Amino acid sequence: MFFRRAREDRVFREAQRAGYELLLQLQATQPWPDSPEQAVPAPAVEETVVPDLLPPDMRMLSRQEVAGLMMRWQQPLVIDGEVRTCPGCGAYRDWIVFCMRDDSVWLRCRAGHETKEPHLDAAWYNRNSGPVDHWHPTLEDGLRHLGH
């Protein structure tokens, strides 16, 4: 019974392939009445080279051109089942999370205490952050934008 089903499947696949080859031959020999004729493009007299990239003043900075990324994290930060608190003041919510160029993650509380978080990495930051909406020339401008 098993061999009969395999044989039937093989015969069916061969019939499908043969039908597909016939369809390709038909399409190659007969033009379809509703399709536009493909015209051969005339050689251009003068080719102009258009750059693929935007002008420098319209380009966004790459990740390697900035010192880091930051986002606001207002709820308590739970890592490995523990609520993360600031070692300086004991705050447990309203963080600014920094992802630096070396893929390290730093936390900053509202009081300004900064601490490196070894349990978080750039992959965690990328999963939890939204799209970049502003570029700031200084850290103070970024903190002011995020409300700190």
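This is a predicted model: local features need pLDDT of at least 70, side-chain atom pairs count only at pLDDT 80 or more; totals for chains, interfaces and linings use all residues.
Let's start at Ser-104, which sits in the loop that runs between strand E4 (95-100) and strand E5 (105-108). Is Ser-104 buried or exposed? Its relative accessibility is 9%, and because the cut-off for buried is under 20%, Ser-104 counts as buried. Its side chain makes a polar contact of 3.3 Å with the side chain of Trp-106. If you set aside the neighbours within four places in sequence, Ser-104 is in contact with Phe-98, Cys-99 and Lys-116.

The protein has three helices and six strands, and along the sequence they follow the pattern α-β-β-β-β-β-β-α-α. Of its 148 residues, 18% count as buried. The protein exposes about 12100 Å², with carbon and sulfur atoms supplying 56% of that area. Among contacts between residues at least 6 apart in sequence, 49% join residues at least 24 apart.

Now turn to strand E1, residues 68-73. In a regular strand the side chains alternate between the two faces of the sheet. In E1, the covered face holds Leu-69, Met-71 and Trp-73, while Gly-68, Met-70 and Arg-72 make up the uncovered face. Which strand does E1 pair with over six bridges? The partner is E4, and the two run in the antiparallel sense. To find this pairing on screen, look at Gly-68, whose bridge partner in E4 is Met-100.

The structure holds one aromatic pair. Its members are Trp-73 and Trp-124, with ring centres 5.3 Å apart and planes at 45 degrees.

The surroundings of Trp-124 lead on to the core. Not counting residues up to four places away in sequence, Trp-124 touches Met-71, Trp-73, Leu-77 and Val-97. In soluble globular proteins, nonpolar side chains tend to be buried together. Here the largest nonpolar core has 17 residues. Which of them touch the most other members? They are Trp-73, Leu-77, Trp-95, Val-97, Trp-124 and Tyr-125. E1, E4, E5 and H2 are the elements that give two or more residues to this core.

Asp-80 belongs to the loop between strand E2 (78-79) and strand E3 (82-83), whereas Asp-94 is in the loop between E3 and E4. Are these two aspartates buried or exposed? Asp-80 has a relative accessible area of 65%, so with a cut-off of over 50% it is exposed. Asp-94, at 14% relative accessibility, counts as buried.

Notes:
Residues are numbered from 1 along each chain as its sequence is written. Side-chain values use heavy atoms; hydrogens and water are left out. Helices (H or I, at least four residues) and strands (E, at least two) are DSSP runs, numbered from the N terminus. Buried means under 20% relative accessible area, exposed over 50%, partly exposed in between (1.4 Å probe, protein chains only). A polar contact is a pair of N or O atoms within 3.5 Å; within protein, one must be able to donate a hydrogen and the other to accept it, and residues adjacent in sequence count only if both atoms are side-chain atoms. Contact means heavy atoms within 4.5 Å. Two strands pair if DSSP finds at least two bridges between them. Rings of Phe, Tyr and Trp (its six-membered ring) pair if their centres lie within 6.5 Å; planes under 30 degrees apart count as stacked, over 60 as edge-to-face and the rest as tilted. A nonpolar core is a set of buried Ala, Val, Leu, Ile, Met, Phe, Trp, Tyr and Cys residues joined through side-chain atoms within 4.5 Å. Accessible areas come from the Shrake-Rupley method with a 1.4 Å probe; for residues, only the protein chains shown count as cover.
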